[in-house]
Amino acid sequence: MICYLVRHGDAKSELVDPRRPLSDLGKKQVEMVAAAARARGAEVAEVWHSDKLRAEQTAAILARVLGVSVTREVGGLAPNDDPAIAQAELESAPDRVMLVGHLPHLSRLFSLLVSGDPERQPIEMPAAAMVCLEREAQSWKLGWMLDPDRALGG
C-alpha cells in the first residue's frame, strides 16, 4: 500500500478571509508539487481531505493534475485531530490514497505510522509538501518527499 500525506498550499490570512482559501501562491505551489509527483509516477485511487476549504481546494488541484476522479471529505484530518483516527481510516483505504490536511496533525500522523508514537519522529512539512509512505506488512517507511522548492529542482 502507498499513502501520500499532503499539507495544504499557502492560504490567505484569516483577517483577509475567515474561510482561509488558498492564496494564488498556494495554488501555484500545489500545481508544482502535483506535477512533480506525477513525473515521479505517483498514482492515486482517491484523494481525501479535511473539512477546511484550503484542504478541499488543494485536493481538487491534486486530483485534477493526477487524474483522480474521487475526492472526499474525511473526518480525522483537522489540525488538532487525533492521528489514530486517520490511521484507522487507512486500514480500509484503497491501495493508493492521498490525505490532504494540516499541521500539526500530518506531522503527528507521519510519526505514528512510521514509529508507532505520534510524538516520537515528527516531520517538517512546508506548505504544499507531499510525503510518500510505503507500507510493507505492518510497517510504514518514507519513500520520498516533495515540497515546492524541490518540485522546482531547488
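I began with Glu91, which has a relative accessibility of 52% and so counts as exposed. I note here that the model is a predicted one.

**Entry: Glu91 and its partner**

I looked for what the side chain of Glu91 meets, and found Arg135, in a salt bridge with 3.4 Å from N to O. Glu91 sits in the loop between helix 3 (83-90) and strand 4, while Arg135 belongs to strand 5, so this pair ties together parts that are 44 residues apart in sequence. I then checked Arg135 itself: its relative accessibility is 15%, and it counts as buried because the limit for that class is under 20%.

**Entry: other salt bridges**

How many salt bridges does the structure hold? I find six. I looked up two besides the one just described.

One of them joins Arg108 and Glu119, whose closest N and O atoms are 2.6 Å apart. Arg108 lies in helix 4 (residues 105-115) and Glu119 in the loop between helix 4 and strand 5; the two are 11 residues apart, and the pair links distant parts of the chain. Arg108 is partly exposed, at 24% relative accessibility. Glu119 has a relative accessible area of 52% and is exposed.

Another has the side chains of Glu136 and Lys141 meeting at 3.6 Å, N to O. Glu136 is partly exposed, at 49%, and Lys141 is partly exposed as well, at 40%.

As a general point, strands of a sheet pair through backbone hydrogen bonds, in either the parallel or the antiparallel sense. I used strand 1 to look at both senses. Strand 1 pairs with strand 4 (residues 96-101) in the parallel sense, over six bridges. With strand 5 (residues 130-136), strand 1 runs antiparallel, and five bridges join the two.

Which residues stand opposite Tyr4? In strand 4 I find Met98 opposite Tyr4, and in strand 5 I find Cys132. Ile2 stands opposite Glu134 in strand 5.

I also asked whether strand 1 is enclosed or open. Of the six residues of strand 1 (residues 2-7), five are buried, so the strand is largely enclosed by the rest of the structure.

**Entry: helices on the sheet**

**Entry: helix 1 against helix 2**

Two packed helices are described by the angle between their axes and the distance between the axes. For helix 1 (residues 24-39) and helix 2 (residues 53-66), I note axes that come within 9 Å and cross at roughly 35°. The crossing of helix 1 and helix 2 is right-handed.

I listed the residues that meet. Helix 1 brings Lys27, Val30, Glu31, Ala34, Ala35 and Arg38, and helix 2 brings Thr58, Ile61, Leu62, Arg64, Val65 and Leu66. The residues of this contact divide into seven nonpolar, one polar and four charged.

**Entry: Ser111**

Ser111 is in helix 4. Is Ser111 buried or exposed? Its relative accessibility is 0%, so Ser111 counts as buried. Setting aside neighbours within four places in sequence, I find Ser111 in contact with Gly116, Asp117, Pro118, Glu119, Arg120, Gln121 and Pro122. Among them is Glu119, the residue noted above as the salt-bridge partner of Arg108.

**Entry: Lys52**

Lys52 counts as partly exposed, at 30% relative accessibility. Apart from neighbours within four places in sequence, Lys52 is in contact with Pro79 and His102. Lys52 and His102 are 50 residues apart in sequence, and their C-alpha atoms are 9.2 Å apart in space.

Notes: Residues are numbered from 1 along each chain as its sequence is written. This is a predicted model: local features need pLDDT of at least 70, side-chain atom pairs count only at pLDDT 80 or more; totals for chains, interfaces and linings use all residues. Side-chain values use heavy atoms; hydrogens and water are left out. Buried means under 20% relative accessible area, exposed over 50%, partly exposed in between (1.4 Å probe, protein chains only). Helices (H or I, at least four residues) and strands (E, at least two) are DSSP runs, numbered from the N terminus. Two strands pair if DSSP finds at least two bridges between them. Axes are lines fitted to C-alpha atoms, for helices over the stretch in contact, and angles run from 0 to 180 degrees between N-to-C directions. A crossing is left-handed if the near helix is turned anticlockwise from the far one by less than a right angle, and right-handed if clockwise. Contact means heavy atoms within 4.5 Å. Ala, Val, Leu, Ile, Met, Phe, Trp, Tyr, Cys and Pro count as nonpolar, Asp, Glu, Lys and Arg as charged, and the others, Gly among them, as polar. A salt bridge is a side-chain nitrogen of Lys or Arg within 4 Å of a carboxyl oxygen of Asp or Glu.
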